[in-house]
Amino acid sequence: MRDTHGGHRPEGDMPVPRSPRPSDGARQRRDRRDRQDRRDRRDGRDRRDRRDETRTALLIAAERLWAERGIHGASLDDIAAAAGLTKGAVYSNFAGKTDLLLALMERFTSDPANTDVCEELRAAEEDTDPTGRSSARHTPDDRARQLALLLVEFWLYGMRDYAAGWRIAEWYAERRARLASQLDPADGIAPDERATLTMALDFGLAFQHLLDPARVPTNLYKTGKALMQGRPHP
């Protein structure tokens with residue numbers, strides 16, 4: 001085989017074909033796609049963040065208004081306005097009032113601190129100095145009162161709405177099961193029964209205390225809890 005200069009090229013020296021280099025146009029198109037992909041991912045994160053912020057604002061507003069006015073006393077318009085949003089923002093995140101209530105219940109009950117009303121009341125009392133002024137951590141009874149009012153509202157709404165009632169019943173069952181797993185049988189009373197009685201004591205005593213704090217002190221909770229759970233009297 002002759003080379004370009006008229007000489008002979010050995011058979012083993014055949015030139016290796018090279019891949020064509022991408023044109024400037026192809027590189028530009030690829031760079032544009034990469035930039036668009038990055039923008040899409042960033043925009044997607046931004047949309048999720050904004051959606052999460054909107055949902056959180058609506059849930060906080062619903063928690064406050066429903067505790068103050070009751071679930072039937074605060075409309076979706078009221079909740080949207082309190083969150084600084086429009087009613088459309090509510091319906092773009094929740095199917096309606098029941099859906100918003102169930103989301104609030106999920107948020108509310110996922111935090112164990114939100115369900116020990118008597119514990120919150122005692123903490124508020126312990127944070128009050130001898131002059132009766134509260135510390136910066138607590139305003140006496142305010143948080144516990146809101147917790148109690150919300151629990152009552154959840155229960156009342158659940159008595160009238162099957163979807164909400166089913167979820168509330170499931171929450172009670174889950175909480176009873178967790179508490180029962182920490183207890184032993186005593187005096188012929190099974191752990192699940194003791195758990196049910198302890199929860200009834202917690203909520204019932206808290207409601208009585210909030211209405212009549214002088215005659216129903218929160219320290220009764222420790223006594224009652226010890227009796228219900230079969231533990232030594234404090």
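Thr54 touches Leu85, Ala89 and Asn93, leaving aside residues up to four places away in sequence. This is a predicted model. Thr54 itself is found in helix H1, which covers residues 24-69. Val90 lies 36 residues from Thr54 along the chain, and the C-alpha atoms of the two are separated by 8.6 Å.

Now turn to helix H6, residues 142-160. Start with its packing against helix H4, residues 97-109. The axes of H4 and H6 are 12 Å apart, and the packing angle is about 135°. Angles under 35 degrees count as roughly parallel, over 145 as roughly antiparallel, and 65 to 115 as roughly perpendicular. H4 and H6 are therefore oblique to each other. Their crossing is left-handed. On the H4 side, the contact is made by Lys97, Thr98, Leu101, Leu104, Met105 and Phe108. On the H6 side, Leu147, Leu150, Leu151, Phe154 and Tyr157 meet them. By class, the contact of H4 with H6 holds nine nonpolar residues, one polar and one charged.

Next comes H7, residues 162-180. The axes of H6 and H7 come within 6 Å and cross at roughly 125°. H6 and H7 are therefore oblique to each other. The crossing of H6 and H7 is left-handed. H6 brings Leu151, Phe154, Trp155, Tyr157, Gly158 and Arg160 to this contact. H7 brings Tyr162, Ala164, Gly165, Ile168, Trp171 and Tyr172. The contact of H6 with H7 has nine nonpolar residues, two polar and one charged.

H6 also meets helix H8, residues 191-211. The axes of H6 and H8 come within 10 Å, crossing at roughly 120°. That angle makes H6 oblique to H8. H6 passes H8 in a left-handed crossing. From H6, the contact takes in Ala144, Arg145, Ala148, Leu151 and Val152. From H8, Phe203, Phe207 and Leu210 take part. Seven residues of the contact of H6 with H8 are nonpolar, none is polar and one is charged.

Follow one residue through these contacts. Leu151 meets H4. Leu151 is also part of the contact with H7.

The structure holds one cavity of 30 Å³ or more. The largest cavity has a volume of about 30 Å³. The lining has seven nonpolar residues, no polar and no charged.

Conventions:
Residues numbered from 1 in each chain as written. Predicted model: local features only at pLDDT ≥ 70, side-chain atom pairs only at ≥ 80, totals over all residues. Heavy atoms only, no water. 1 Å grid on protein atoms, 1.4 Å probe; cavity = no way out; pocket = protein on both sides within 12 Å on 5 of 7 lines; lining within 4 Å. Points joined across faces, edges and corners; volume = space filled by probe spheres on them. Helix = DSSP H or I, 4+ residues; strand = E, 2+ residues; numbered from the N terminus. Nonpolar A, V, L, I, M, F, W, Y, C, P; charged D, E, K, R; others polar. Axes fitted to C-alpha atoms, helices over the stretch in contact; angles between N-to-C directions. Left-handed = near helix turned anticlockwise from the far one by under 90°. Contact = heavy atoms within 4.5 Å.
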